[in-house]
Amino acid sequence: MALKYGRPIESKVDAKTRLRPVEPAPAAKPEPKTDASALDLASRPRRNRRSEWARRMVRENVLTTDDLIWPLFVVDGKKTRVAVPSMPGVERLSVDEAVREAVRARELAIPCIALFPYTDPNLRDEDGTEGLNPDNLVCRAVRAIKQEVPDLGILCDVALDPYTSHGHDGLLREGEIINDATVEVLVRQALVEAEAGCDIIAPSDMMDGRIGAIRSALDAAGRTDVQIMAYAAKYASAFYGPFRDAVGSAKTLTGDKRTYQMDPGNSDEALREVALDIEEGADMIMVKPGLPYLDICCRVKETFGMPTFAYQVSGEYAMIMAAANNGWLDGERAMVESLIAFKRAGCDGVLTYFAPRVAEKLKSEK
């Protein structure tokens, strides 16, 4: 190496090498993270639940106002609304107030209401003769509602329990409900209600042969367009208590109704009852009560394919309301969930005291 002024002469290459900063070695590319617990799944059903729009898009059953029938209790008087203590939010209505609620039903797009009377005890007797009065409470309500809201459907119950002093659905003789004579009276009651303008006759008495007898009588009277919704599978249930308070039969009922309403333990029998009512001319079928008998609703719909309805009865309503009012559950969600259950079971519609409340909710969500 050459020396200059006593120091080594460095080559240009050596100088550049000495002054160049040392570059770190390139870092290795990170390996992709793997979750040792991840499942190798081709199908993940939760993908269809991940957002509200997706849930709506794949929903199998949808509740609409078209599914609702609203039961109303009517009472004598004017501008009268009497609370039913065992059914929070439900009232007995004078005819003029019932008309107002009928107008509300139309505004909420509820297609049909059902009328049940609270009969003055002084008008009750052994044979329920007030039920045959063309000017009784139900008939007056039907005429008033039809005059104000002609395009609203009206369903009228046919049975004697709102009119009898003993609280039974039929004629009581020596401690027994007699079938055939009761049917004769029910036919007359149905004709009276049809004459007042009722659209749907709904026999709830569970007497044998009453559907055929009523259909024949309606047709003979020129009322061929009046529909029949048969309480085809009506069970002797503990869930009717608040309803009996509302119509005033709770205190008058002597004994029970197990000789004519169905045994809760039976399912095949319901299909036989439904088959008979269809054969006799029923246009629609009803199962009552509702939620405890969803299996019956499902079997009826699958077997017959007929328009099938359920009655979410007073006890079902009262339980949900009581729990909601005590803060034990979300009342609004429970209301909707209970009604969706009927749709899932195959019902085409539900008689429910929640009708105006759920209709308001559906309207607000549009």
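**Cavities, cysteines and a surface patch**

The largest cavity has a volume of about 90 Å³, in a model that is predicted. A search of the whole structure finds three cavities of 30 Å³ or more. Around the largest cavity there is a lining of 13 residues, and those that lie nearest its centre are Asp-161, Lys-234, Phe-243, Lys-257 and Lys-288.

The cysteines come next. A disulfide is counted here when two cysteine sulfur atoms lie within 2.5 Å, and by this rule the count comes to zero disulfides. Cys-112 is in no disulfide, since the nearest cysteine sulfur, which belongs to Cys-198, is 8.3 Å away; Cys-112 is also buried, with a relative accessible area of 7%. For Cys-139, the closest cysteine sulfur is that of Cys-156, and because the distance between the two sulfurs is 7.2 Å, they are too far apart for a bond. Cys-139 is likewise buried, with a relative accessible area of 1%.

On the surface, Trp-53, Met-57 and Val-58 form a nonpolar patch, whose accessible area comes to about 360 Å² together. Of these residues, Val-58 is found in helix 2, which covers residues 52-58. Is Val-58 buried, exposed or partly exposed? With a relative accessible area of 42%, Val-58 is partly exposed, because that class lies between the limits of 20% for buried and 50% for exposed.

Technical notes. Residues numbered from 1 in each chain as written. Predicted model: local features only at pLDDT ≥ 70, side-chain atom pairs only at ≥ 80, totals over all residues. Heavy atoms only, no water. Buried < 20%, exposed > 50% of the residue type's maximum accessible area, 1.4 Å probe, protein only. Patch = residues over 30% accessible without salt bridge, like charges linked within 9 Å, V, L, I, M, F, W, Y side chains within 5 Å. Areas by Shrake-Rupley, 256 points an atom, 1.4 Å probe, with all protein chains shown as cover. Salt bridge = Lys/Arg side-chain N within 4 Å of Asp/Glu carboxyl O. Helix = DSSP H or I, 4+ residues; strand = E, 2+ residues; numbered from the N terminus. 1 Å grid on protein atoms, 1.4 Å probe; cavity = no way out; pocket = protein on both sides within 12 Å on 5 of 7 lines; lining within 4 Å. Points joined across faces, edges and corners; volume = space filled by probe spheres on them.
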